[in-house]
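Here are some friendly notes to read beside the model. Please keep the sequence and the 3D view open as you go through the points.

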Amino acid sequence: PDCVLYLDIPLETSQVRVAQRGQHDRFEREGHAFFDRVLSVYRQRAQSGDRHDWINADQPLSDVQAGLMQALETRFPELRSAGA
């Protein structure tokens with residue numbers, strides 16, 4: 001892919017959000033060790049190229065959305081004119 005967006009959030013915060021939603025899929029039932037391994041792989045991949053953007057997802061939804069749009073508009077400037 002031309003762009004990989006990684007939504008970074010502490011495991012504890014994500015678990016609270018999942019609990020509030022009330023649904024757990026197969027991945028969400030995994031333990032801390034699983035998520036630590038997954039995070040390690042994502043970080044290794046992100047360091048190996050310049051197509052990854054890290055978004056702080058440990059903030060209000062509107063801020064996460066703004067971070068996503070900023071990352072996309074930086075990589076794809078034509079989106080700026082499309083959104084106007």
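**Notes on the predicted model**

1. The protein has an average pLDDT of 86, and 96% of the residues score at least 70; pLDDT is the predictor's confidence in each residue, from 0 to 100. Helices (H or I, at least four residues) and strands (E, at least two) are DSSP runs, numbered from the N terminus. As a reading rule, where pLDDT is low, the predicted coordinates should not be read in detail.

2. A word on the ground rules. This is a predicted model, in which local features need pLDDT of at least 70 and side-chain atom pairs count only at pLDDT 80 or more, while totals for chains, interfaces and linings use all residues. Residues are numbered from 1 along each chain as its sequence is written, and side-chain values use heavy atoms, with hydrogens and water left out.

3. Now look for the largest pocket, which holds about 730 Å³ of space. Of its 27 lining residues, Tyr 6, Leu 7, Ile 9, Ser 14 and Phe 35 are the closest to its centre. A pocket here is an open set of points on a 1 Å grid over the protein atoms alone, where a 1.4 Å probe fits, with protein on both sides within 12 Å along at least five of seven lines; lining residues have an atom within 4 Å of a point. Grid points are joined across faces, edges and corners, and the volume is the space filled by probe spheres set on the points.

4. Which elements supply at least two residues each of the lining of the largest pocket? They are strand S1 (4–8), helix H1 (11–21), helix H2 (32–47) and helix H3 (61–75). H2 gives the most, with 7 residues. By type, the lining divides into 16 nonpolar, 5 polar and 6 charged residues. Ala, Val, Leu, Ile, Met, Phe, Trp, Tyr, Cys and Pro count as nonpolar, Asp, Glu, Lys and Arg as charged, and the others, Gly among them, as polar.

5. Next, the rings. The count comes to 4 aromatic pairs, and one of them is Tyr 6 with Tyr 42, a tilted pair at 5.5 Å centre to centre with 40° between the planes. This pair links distant parts of the chain, as Tyr 6 is in strand S1 and Tyr 42 in helix H2, 36 residues apart. Rings of Phe, Tyr and Trp (its six-membered ring) pair if their centres lie within 6.5 Å; planes under 30 degrees apart count as stacked, over 60 as edge-to-face and the rest as tilted. Tyr 6, Tyr 42 and Trp 54 form one aromatic cluster.

6. Is Tyr 6 buried or exposed? Tyr 6 is buried because its relative accessible area is 15%, and buried means under 20%, exposed over 50% and partly exposed in between (1.4 Å probe, protein chains only).

7. Ala 57 lies in the loop between strand S2 (52–56) and H3 and is buried, with a relative accessible area of 7%. Its C-alpha atom is separated by 5.2 Å from that of Ile 9, 48 residues apart along the chain. Thr 74, in helix H3, is exposed at 55%; Thr 74 and Ala 57 are 17 residues apart in sequence and 18 Å apart in space, C-alpha to C-alpha.

8. Finally, visit the loop between H1 and H2, where Gln 23 has its place. Gln 23 counts as exposed because its relative accessibility is 53%. Gly 31 is found in this loop too, and is partly exposed at 38%.
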